[in-house]
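Open the model in your viewer and keep the selection tool at hand. Each stop below tells you what to pick and what you will find.

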Amino acid sequence: MNPLKNAVDRWLGRGDASISMPPMDGAFRPNDLLDSAPPIMETPAPDCLAVTTQGVVVSSERSLFSVDKAGGAPLASFDAEIAALAGLPDGGAAVGLIDGRIVFVGGEHGGKTIEASPDVTCITALAPAQGGALLVANGSASNGPTAWKRDLMEKNASGSVWRIEPASGARKQLAGNLAYPYGLLGEADSVVVSESWRSALTRIPLGASGRSEPVLENLPAYPSRFSRGADNTIWLALFAPRRQLVEFVLREDRYRRRMIAEVGADYWIAPCLRAGQSPLAPTQQGGVTQFGMLKPWSPSWSYGLVARLDRGYRPIASLHSRANGRRHGVTSCLPVDGRLVFCAKGDGVVASCAYEGLAS
Amino acid sequence: MIAELVTRLRYRYVPDHVVGELLGRKWVDNAIPVFLLVAVTAYMAVAIPNFLTLGSVVDTSRQIGEFGLIVIGMAIVMLAGGIDLSVGSNFALANFVALALINIAKWPTEAAIVATIAVGALVGLINGVLIGYLRLRAFLTTLVTLTFIRAVVEFLLQIYSVQIASSDVSSDLMDFVGDGSVLGVPLSLVVLIVIAIVAHIIMTRLRIGWHIAAVGGSRRAAYNAGIPVRRTVCLSYVVSGVLTGLAGVLYAARLSGVGPDTGVGLELTVATAALLGGNSFGGGRGSIGKALMGAVIVSVLINGLVRLGVQTGASAMVVGLVLLLAIAIDVRWGKWRKNLQSKVYVSPGYLALPPCPPFDLAASSPYAMNDRLGDAEIIGLGEIDGPEDIILDMDDNIYCSGRQGDIVRFLAPDYARHEVFAHVGGRPLGMAFDKDDRLLVCIAGMGLYGVDKRRNIQKLTAETNRTPLSVIDDSRMRLADDLDIAPDGTVYFSEATIRYGFEEWVVDSLEGRGNGRIIRYDPATGATRTIVRNLLFANGMCMAHDNKSVLFAETWGCTVKRLWLEGPKAGRTESVISDLPGLPDNINRGSRGDYWVAISGLRTPAYDLAMTEPAFRKRMALRVAGDEWLFPNVNAGCVARFDDTGRVFETLWDLHGKSHTAINSMREHRGYLYVSGVTNNRLGRVKLPDADPQWTGPGSYWGARQ
């Protein structure tokens, strides 16, 4: 754009240089519903939930577990960490691994593996499409799924969405230049993608014609996976909060580059799934403990948030785990039989709560 | 590297902080008028030959004499929140009365002068009664007076002007008033100077002057404070009338002529001058000096324009434009200045810290985290709010300085009971006992205080010598932080920063500049002197065991240093520990010839990096909400034990942050270590296995009690 305008904006902190943040208000008014949800199972870094013929399954590191049989042996284990998981219409599951392979468990293609390709190296989400195909979200062209923080701080928008035929392995790119697509929801003739770094949901048409269009923008946190309930409302997991300071650092290119180069990623000014793990992590003024307590409203690098959207993708309610909560970093949620099952990856908990009557 | 060097040099030598400090001073209001004065004079001096010659200056100064008197009157009225438009015709009336009394009534000159001034005062009194007591609108009322007096003057002129013009009365006194000089200075200028000095003293030093400014600043507040508002307002108009009358006399003496043009449009010129000098239309802000400056600017301008041959209409137009400018400045300046100051005051510096020693659980350094404070015995949970410092007396009672301005005492032996030992106010911080068991305490916002055993509170010092050439007045202490006492009773104490108060210490961390200092207080003479300046948040103070030096902590520098008090290096500072993993706070003696330092927060890599990016921090202060600012990690900390050589022996941490996340002070006492924290609601103590179980702090300083 106009370089002069950019310079003025930067100097005055407005326009693109503005770091104003959507407030946690309206449908996003804070509560502690995630914290009060009874836990189902505790497992390190539960990441993705799916419904299969085995019931609700959750991925944790290299294994799949049944949520209904907490504490049981893993349903399946792999030689690499699981990056994404999707339940397929035939009752099987598609499992994306962090090295880019996709493995089918159960169902029609059970046991089949689609080898990694250089185009798809950062699988973040999988979803079944019509006609037996599989939709794949590739978060970033340059970073793997474990390096999502780097992808955010590098201000990348190199993600893409693919359609893969399980039978032949043939793949087709549906959209590119996405800012970390992290969730997929197939619709009749389109797919809705959560673009984390844009804090937005985007609709991508499946046909040849049509352009992608924003569905929901200005979310107060970074969205990840989402799923549709029986009542057609949509449940969106938001895995980390947006912070003014992060937005500010994203606009401070010099500091940002030096930080990426000189500081370990765990100690960056950046969101994370669980804050407070290390005394070396940066602190914000409002995050000072008073009388030995961290106040729930204090700014934190991690947060727990699930939003309920109506069928038009407008937020109508939300469930929170605030700064002092213990259900942070929710990366996946599923409505099952009137209960919302969610996994707090940051705190290693799968929990569920009834959502009947939940509205802001 | 080059870029780094450039940044470092730029932030060392360009004094960014001065701009904000300048904008904080009241006298900076005069910057615009002074600039205008210089600019106008310089322009005229260049454009008009002989503009600055003696004759020309004397001529101009006679006019300035008359004009300035009226401007002073106007400024006083404006200061009280009003305006006096009637000065134009009042001036004409005074001119007429003076000439009529001398030439027609043949009054003695002295009597005529007094009577003329009285007439001026009468007009002012009419204005004053109408506006002050009947509370009519100043603008409309004086507009009516202006028109009315003008009509009276014209009426009188029709009758008497010929008689005055044809009169042959001459008066030496009148000639002297008109043309005379004192030591080469025209009399009217002398009168102006004398009046200005008197008026300045009245306005700045006497009760009535303060009343006038108070009424103009806030009428209601002045009323509530018991100031007679109506009388004060009335008086300001009388003063304006008197000065206008006096100016009329000077004018009459100089020109000895009456005409319908006398004083026409004068009110506008006078108002322009008063405003341009920096007196506010709204009242409450202004001074005699500003009025004089405005008067000189406008006189020079008008004189210059006349001598440049500019037509009368054009000259009036210029005055009108200047008036517009003055109004604009008057309305905008205060706001601009505040906005600008808030944008530029915070001026971060470049601070490159040495590599941070590792302190993780497995680290081999003495800083390795442990949980030795995790099971500390808790004292007074919920009974105290933010104990910054903690100290024990010879009877084992604990004293701590709380947020509400209290020094709270927990009573030995079990510390179950507590009482407010003394309410000192402010924010008490560091404490120390002197040899008479008096508790000396540094109080943020107040200074150095003492509380004796009978709980009498006494101020020891709150002021030190001002730093030469410092823009902000740093003689008054804003953030006295910690102290220690030498054997001869001399108190060495730190002031963390001279630029911020206690509640804003965070902003000082953002600056990371040397804003702190060490001050010496001598109880024998009562003298207070600053002995070390430009310290990075001077914090904990502790006399070395041999009393030859005092140790102090520079919080932002993450260092403990030593200031030599005697010996070959007296007066010099040297580093003791240069690379702490966090922010040192209070330092106190230990029982084994060693010292304890509280590390009240930890460095984080992102913070260390930001300290080398001043521009980044400056923008952060402007853009990001305070709650979201990057901050040193004060949610974790420890206490460290070290010796005179700077060797660190051990550290004590509360690993899980159960009780003592951040620790600001600690004292060793009879084999225990007592800790306190400024964001905590409890005290704690742990047993020290190898410590001397008899050792006490006061005993270490003043010897065992008999």
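Two strands count as paired if DSSP finds at least two bridges between them. Keep that in mind for the first stop, and remember that this model is predicted.

**Stop 1: a pairing across the chains**

Select strand 20 of chain A (283-284) and strand 22 of chain B (residues 630-631). Two bridges join them, and the strands run antiparallel. Now pick A:Gln284. Which residue is the bridge partner of A:Gln284 in strand 22 of chain B? The partner is B:Leu630. Strands of a sheet pair through backbone hydrogen bonds, either parallel or antiparallel.

**Stop 2: the wider interface**

Now widen the view to the contact between the chains. Here 30 residues of chain A are in contact with 30 residues of chain B. On the chain A side, helix 4 (244-251), helix 5 (253-262) and strand 20 each supply at least two residues. Which of the elements of chain A gives the most? Helix 5 does, with four residues. Colour this side of chain A by class: you get 16 nonpolar, 10 polar and four charged residues. For the complex, the predictor gives an ipTM of 0.92 and a pTM of 0.85.

**Stop 3**

Select strand 21 (residues 304-309) and strand 22 (residues 315-321) of chain A. Six bridges join these two antiparallel strands. Among the facing residues, A:Arg308 stands opposite A:Ala317. Is strand 22 of chain A largely enclosed or open? Five of its seven residues are buried, so the rest of the structure largely encloses this strand.

**Stop 4: an asparagine in a chain A loop**

Go to A:Asn232, in the loop between strand 18 (221-228) and strand 19 (234-241) of chain A. Its phi is near 70°, a positive value in a residue other than glycine. Most residues other than glycine have a negative phi, and most peptide bonds are trans. A:Asn232 counts as exposed because it has 8 C-beta neighbours inside 10 Å, and the cut-off for exposed is 12 or fewer.

**Stop 5: chain B, two domains**

Switch to chain B. Its domain assignment gives domain 1 (18-342) and domain 2 (377-702). Taken over C-alpha atoms, the centres of the two domains are separated by 57 Å. Colour chain B by confidence: the mean pLDDT is 91, and 99% of the residues reach 70 or more.

**Stop 6**

Zoom in on strand 9 (residues 439-444) and strand 10 (residues 447-451), which pair over five bridges. One of the contacts to display is B:Cys442 with its bridge partner B:Leu448 in strand 10.

**Stop 7: two backbone details in chain B**

Find B:Pro413, in the loop between strand 6 (406-410) and strand 7 (418-423) of chain B. The peptide bond from B:Ala412 to B:Pro413 is cis, with omega near 5°.

Finish at B:Asn534, in strand 15 (residues 527-535) of chain B. B:Asn534 has a positive phi of about 55° although it is not a glycine. Is B:Asn534 buried or exposed? B:Asn534 is exposed, with 12 other C-beta atoms within 10 Å.

Technical notes:
Residues are numbered from 1 along each chain as its sequence is written. Chains are lettered from A and ligands numbered from 1 in the order in which they are written. This is a predicted model: local features need pLDDT of at least 70, side-chain atom pairs count only at pLDDT 80 or more; totals for chains, interfaces and linings use all residues. Two residues are in contact if their C-beta atoms, placed from the backbone, lie within 7 Å. Ala, Val, Leu, Ile, Met, Phe, Trp, Tyr, Cys and Pro count as nonpolar, Asp, Glu, Lys and Arg as charged, and the others, Gly among them, as polar. Domain bounds come from an automatic or database domain assignment. pLDDT is the predictor's confidence in each residue, from 0 to 100. A residue is buried if 20 or more other C-beta atoms lie within 10 Å of its own, exposed if 12 or fewer, and partly exposed in between; C-beta atoms are placed from the backbone.
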